[in-house]
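Hello,

Here is the structure I promised to pass on. Have a look at it first, and then read on for what I found in it.

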Amino acid sequence: MYVVVSVAILITMVLALVRALLGPTVYDRVLAVNVFGTKTVLLLSVIAFLYGRPDFLDLALAYALINVVGILAVLEFFQDRSRK
């Protein structure tokens, strides 16, 4: 069951990566990178549950925070760049 969930998450990560590489606009690419980061957090959580390692959940939460801050920084950069 959890193997199927892991494979499904990996497939959606590949699709998000394809969107990030081929996205028509910058905002589509940023959104795809955000989705990729979210799916990474989900995959880390599933792996933590499978191996019985709750310390992986701490890593997943830290990665989620870094993902949010990074996406906000990138969007702010592109917003300032489009104003000029």
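Setting aside its neighbours within four places in sequence, Ser6 touches Leu43, Val46 and Leu50. Keep in mind as you look that this is a predicted model. Ser6 belongs to helix α1, and its relative accessible area of 12% falls under the 20% cut-off, so Ser6 is buried.

Leu10 sits in helix α1 too, a helix that covers residues 2–22.

Next, the aromatic rings. How many aromatic pairs does the structure hold? There are two. In one of them, the rings of Tyr2 and Phe49 have centres 5.1 Å apart and planes at 55 degrees, so this pair counts as tilted. Tyr2 is in helix α1 while Phe49 is in helix α2 (residues 26–51), so the pair ties together parts that lie 47 residues apart in sequence. Tyr2 is partly exposed, at a relative accessible area of 40%, whereas Phe49 is exposed, at 55%. The other pair is formed by Phe77 and Phe78. Their ring centres are 5.4 Å apart and their planes stand at 65 degrees, so that pair is edge-to-face.

Now to the way helices pack. In general, two packed helices are described by the angle between their axes and the distance between the axes. For α2 and helix α3 (residues 55–83), the axes come within 9 Å and cross at roughly 175 degrees. Because that angle is over 145 degrees, α2 is roughly antiparallel to α3. Which kinds of residues make up the contact of α2 with α3? It divides into 17 nonpolar and seven polar residues, with no charged ones.

Finally, a closer look at α3 itself. This helix has 29 residues and spans 43 Å from its first C-alpha to its last, close to the 42 Å expected at 1.5 Å a residue. Ala60, Asn67 and Ile71 are buried in α3, and α2 is included in what covers the buried residues of α3.

Best wishes

Technical notes:
Residues are numbered from 1 along each chain as its sequence is written. This is a predicted model: local features need pLDDT of at least 70, side-chain atom pairs count only at pLDDT 80 or more; totals for chains, interfaces and linings use all residues. Side-chain values use heavy atoms; hydrogens and water are left out. Helices (H or I, at least four residues) and strands (E, at least two) are DSSP runs, numbered from the N terminus. Rings of Phe, Tyr and Trp (its six-membered ring) pair if their centres lie within 6.5 Å; planes under 30 degrees apart count as stacked, over 60 as edge-to-face and the rest as tilted. Buried means under 20% relative accessible area, exposed over 50%, partly exposed in between (1.4 Å probe, protein chains only). Axes are lines fitted to C-alpha atoms, for helices over the stretch in contact, and angles run from 0 to 180 degrees between N-to-C directions. Angles under 35 degrees count as roughly parallel, over 145 as roughly antiparallel, 65 to 115 as roughly perpendicular and the rest as oblique. Ala, Val, Leu, Ile, Met, Phe, Trp, Tyr, Cys and Pro count as nonpolar, Asp, Glu, Lys and Arg as charged, and the others, Gly among them, as polar. Contact means heavy atoms within 4.5 Å. The expected span of a helix is 1.5 Å times one less than its number of residues.
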